[in-house]
Amino acid sequence: MPVARETVIEALREVFDPELGLSVLDLGLIYDLEIADGRVRVRMTLTAPGCPIHDSMAEWVRQAILRGPGVTTAEVAITFDPPWTPDRISANLAR
């Protein structure tokens, strides 16, 4: 069963930054999403390099993706290049 991109996106909407109360998707923390043969790879950032939930957030994202139908593996890479800024918050939330 192929993994639907929309299914992965919906899973990401369920992972919230506990401090800001917004999803990783709405915060603009997701930089790249690749799906191939049941494998999902995400490149994401955090709101700050010293974020105390660095490892936890990556694992929450990984676990949410793994629950999706057809997903066999999920890899999450965290980067701070480019650094996150509030400008990345979804336009519909910034109003």
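1. Aspartate 81 counts as exposed because its relative accessible area is 60%, where exposed means over 50%, buried under 20% and partly exposed in between, computed with a 1.4 Å probe on protein chains only. This residue is found in the loop between S3 and H3, and helices (H or I, at least four residues) and strands (E, at least two) are here DSSP runs, numbered from the N terminus. Leaving aside residues up to four places away in sequence, aspartate 81 touches Tyr31 and Arg43, contact being heavy atoms within 4.5 Å. Between the C-alpha atoms of aspartate 81 and tyrosine 31, which are 50 residues apart along the chain, the separation is 9.8 Å.

2. On the basis of the note: this is a predicted model, in which local features need pLDDT of at least 70 and side-chain atom pairs count only at pLDDT 80 or more, whereas totals for chains, interfaces and linings use all residues. Residues are numbered from 1 along each chain as its sequence is written, and side-chain values use heavy atoms, with hydrogens and water left out.

3. Two backbone features deserve a look. The peptide bond from aspartate 81 to proline 82 is cis, with omega near 5 degrees, and proline 82 lies in the loop between S3 and helix H3 (91-94). Aspartate 37, in the loop between S1 and S2, has a positive phi, near 50 degrees, although it is not a glycine; with 67% relative accessibility, aspartate 37 is counted as exposed. As background, most residues other than glycine have a negative phi, and most peptide bonds are trans.

4. The sheet is open, with 3 strands in the order S1-S2-S3 and mixed pairing, two strands being paired if DSSP finds at least two bridges between them. Its edge strands, each pairing on one side only, are S1 (30-36) and S3 (73-78), and the twist averages 10 degrees from one strand to the next. Strand S2 (residues 39-44) pairs with S3 in the parallel sense over 6 bridges.

5. Helix H2 (residues 54-66) lies across S2 and S3 and runs at about 150 degrees to S3, while helix H1 (residues 5-12) lies across S1 and S2 at about 140 degrees to S1; axes are lines fitted to C-alpha atoms, for helices over the stretch in contact, and angles run from 0 to 180 degrees between N-to-C directions. The chain crosses from S2 through H2 to S3 in a right-handed β-α-β crossover, that is, one whose path from the first strand over the helix to the second runs clockwise with the strands pointing away from the viewer.

6. In H1, the buried residues are Val8, Ile9, Ala11 and Leu12. Viewed down the axis of H1, they fall within an arc of 160 degrees, so they line one face of the helix, the arc being that of the directions from the helix axis to the C-beta atoms. Their cover includes S1, S2 and H2.

7. The largest nonpolar core has 25 residues, and Val24, Val40, Met44 and Ile65 have the most contacts inside it; such a core is a set of buried Ala, Val, Leu, Ile, Met, Phe, Trp, Tyr and Cys residues joined through side-chain atoms within 4.5 Å. Methionine 44 stands opposite isoleucine 78 in S3.
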